[in-house]
Each structure stands twice: as structure tokens, then as C-alpha cells.
Amino acid sequence: MKRYLLFATALILAASCQKEPSASDFDGEFLVYTAHSDNVTDFSAYGTFTVADSLLSIDGDEGSLFLNDWAKTVRNQYIDEMESLGYTYVDTGMADSDLDMKVPGNPAADLAVQISYIVSTSYFTSFYPTSPYWWSAYPGYWYPGYWGNWGYWGYSFPVTYSYSSHSLLTEMVDLTEEQGDDKPLNVVWNSFIDGSISNSREDAARFSRAITQSFRQSEYLAK
């Protein structure tokens with residue numbers, strides 16, 4: 001299931017040949033896009049979750065991990081949103097310095113959430129399951145081994161992204177499946193929040209409202 005929602009007006013955009021709504025249709029809020037795996041019909045089967053200790057910043061072809069005050073606020077909001085849906089937060093105990101090391105994490109949670117902040121003008125419209133994903137070349141991008149003994153990324157549903165100035169890409173992965181070098185780390189839900197850069201205070205507020213909206217329009221996540 002895929003939806004574009006212009007959440008200030010609660011307008012669900014009808015499918016058309018235009019992959020992105022026109023920027024002239026925006027009302028100043030960020031565009032919120034969400035999708036989930038068709039293979040997961042009951043999210044209530046999951047009980048616990050964790051969130052990556054830092055956000056990944058992607059600017060052009062550069063990637064780095066950061067945890068400033070804004071990133072902490074964003075991370076905490078995802079924790080609050082998940083807990084409000086009935087999930088229990090698990091601190092996996094990985095230090096920030098461990099994020100650059102290719103060592104397995106502690107898969108003590110059922111679900112893991114990782115958040116990336118993107119600054120650039122880029123487009124991605126489709127993928128093939130056997131091909132590398134568009135972000136795989138970014139230095140420091142989340143590697144499957146961060147969450148445990150996983151061999152590679154695996155998507156069971158199509159995704160379509162396009163973004164211009166800055167965005168939040170959030171992925172929720174399933175840690176309950178069998179692990180191994182030949183096993184994919186399956187993404188069961190993701191959200192893509194996109195908008196033009198304004199000023200830091202205004203953008204922080206818009207991001208916060210957009211994060212809330214991403215959960216509101218994903219009612220299937222509720223336990």
C-alpha cells in the first residue's frame with residue numbers, strides 16, 4: 001500500500017501518470033509518503049522495537065552519522081510514537097562509536113527503526129530486487145550487520161522516491177526472521193518526508209508534524 005498525503009488538508013492524492021504532486025499544490029507542509037510490506041498483515045505480532053543511536057546525514061555523495069539536539073528530538077519522537085502504538089522500546093546498548101564498525105548489533109528487539117536525513121537533489125523511481133539500491137554507494141550507510149547477522153537488504157514491495165532539498169527517510173526492519181549471510185534484512189515499513197528548506201526552527205516544527213502524520217496514515221501499525 002502506498003500513499004501520498006498532503007496532511008494539512010488530509011487530501012489523498014489520486015493515482016495518475018505524475019509520480020510526484022506538483023510543488024504548486026503544496027500548502028507549506030512537508031509531503032509524507034508511507035509504504036509497508038504486503039507480507040506483513042498483522043503488526044500486532046511484534047512487541048518490541050529499538051531505534052538506531054544516531055541519524056545518518058547524506059549530503060550529495062557524502063555520508064556521516066550525527067546526534068545533535070535536533071537529531072535527538074527526532075529520534076525521541078519516533079520512540080514516543082511507537083510507544084503510543086503499544087510497542088515497548090528496547091535499548092540495545094550500542095554506543096555511537098559502534099555505528100562505524102561492521103559488527104553485529106544485539107537483535108534483542110522485534111523491530112528496528114533507522115532514520116536518515118538527506119540534503120541534495122536526487123531522484124529514484126524504481127528498483128529491481130536483484131539490483132543494488134540507490135543508497136548502497138553512500139559512505140557509512142546503515143549496513144545490515146548493524147542489526148545482527150544479516151547478509152543484505154531485502155524489499156518485498158516496490159518503493160518510489162523523489163526529493164529535492166531535504167528529507168527524512170525512515171525504515172523499519174524485521175529482526176525476528178532467520179539470520180544469515182544469505183538472508184535479507186527485510187524492511188516492513190518506511191516513510192519518506194520531503195520539503196523545501198526554510199529556516200531551522202520552522203523546518204524542525206514541520207518535520208515533527210510530518211513524523212506524526214506518517215504514523216497517523218499508517219494505522220495498520222497500531223497493536
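**Entry 1: confidence**

I began with residues 1–26, where pLDDT stays under 50. The model is predicted, and I noted what it places around that stretch: 51 contacts beyond four places in sequence. I then looked at residues 95–105, where the pLDDT is also below 50. That stretch has 26 contacts in the model beyond near neighbours in sequence.

Next I took the chain as a whole. Its pLDDT averages 75, and 67% of the residues score at least 70. Where is confidence lowest, and where is it highest? Strand S2, residues 11–12, has the lowest mean, at 27. Helix H1 has the highest, at 97.

**Entry 2: overall make-up**

I counted elements and found two helices and 13 strands in the protein chain. The chain has 223 residues, and 52% of them are buried. I also checked how far apart in sequence the contacting residues lie. Among contacts between residues at least 6 apart, 79% join residues at least 24 apart.

**Entry 3: helix H1**

I went to H1 next, which covers residues 69–84. It has 16 residues and reaches 22 Å from its first C-alpha to its last. That is close to the 22 Å expected at 1.5 Å a residue.

What caps the N-terminal end of H1? Asn68 does: one of its side-chain oxygens lies 3.2 Å from the backbone nitrogen of Trp70. Past the other end, just after H1, I found Gly86 with a positive phi of about 110°.

I listed the buried residues of H1: Ala71, Val74, Arg75, Gln77, Tyr78, Ile79, Glu81 and Met82. An α-helix has 3.6 residues a turn, so residues three or four places apart point the same way.

Is Gln77 buried or exposed? Its relative accessible area is 12%, under the 20% cut-off, so I recorded Gln77 as buried.

Which residues does Gln77 touch, leaving out those up to four places away in sequence? I found Ser208, Ile211 and Thr212. The C-alpha atoms of Gln77 and Ile211 are separated by 7.9 Å, although the two residues are 134 apart along the chain. With Thr212 there is a polar contact of 3.1 Å between the side chains.

I then turned to helix H2, residues 200–216. H2 has 17 residues and reaches 24 Å from its first C-alpha to its last. Again this is close to the expected value, 24 Å at 1.5 Å a residue. The buried residues of H2 are Asp203, Arg206, Phe207, Ala210, Ile211, Gln213, Ser214 and Phe215.

I moved to strand S12, residues 166–174. How many of its nine residues are buried? Nine of the nine are, so S12 is largely enclosed by the rest of the structure.

I checked each side. In a regular strand the side chains alternate between the two faces of the sheet. On one side of S12 I noted His166, Leu168, Thr170, Met172 and Asp174. On the other I noted Ser167, Leu169, Glu171 and Val173. Both faces are covered.

Then I looked up the pairing. Strand S8, residues 111–119, pairs with S12 in the antiparallel sense over nine bridges. Here Tyr117 stands opposite Leu168. S12 also pairs with strand S13, residues 180–195, in the antiparallel sense over eight bridges. Val173 stands opposite Val187 there. S12 and S13 form a hairpin, with five residues between them.

**Entry 4: aromatic rings**

I searched the whole structure for aromatic pairs and got 12. One of them is Phe30 with Phe207. Their ring centres are 4.6 Å apart and their planes lie at 65°, so the pair is edge-to-face. Phe30 sits in the loop between S2 and strand S3, and Phe207 in H2, so the pair ties together parts 177 residues apart in sequence. Both Phe30 and Phe207 are buried.

I also opened the pair of Phe66 and Tyr117. The ring centres are 6.5 Å apart and the planes are at 65°, so this pair is edge-to-face. Phe66 lies in strand S6 and Tyr117 in S8, so the pair ties together parts 51 residues apart in sequence. Phe66 and Tyr117 are both buried.

Which residues form one aromatic cluster? I wrote down Phe30, Phe66, Trp70, Tyr117 and Phe207.

Notes: Residues numbered from 1 in each chain as written. Predicted model: local features only at pLDDT ≥ 70, side-chain atom pairs only at ≥ 80, totals over all residues. Heavy atoms only, no water. Helix = DSSP H or I, 4+ residues; strand = E, 2+ residues; numbered from the N terminus. Expected span 1.5 Å × (residues − 1). Buried < 20%, exposed > 50% of the residue type's maximum accessible area, 1.4 Å probe, protein only. Polar contact = N/O pair within 3.5 Å; in protein donor to acceptor, adjacent residues only side chain to side chain. Pairing = 2+ DSSP bridges. pLDDT = per-residue confidence, 0-100. Contact = heavy atoms within 4.5 Å. Phe/Tyr/Trp six-rings, centres within 6.5 Å; stacked < 30°, edge-to-face > 60°.
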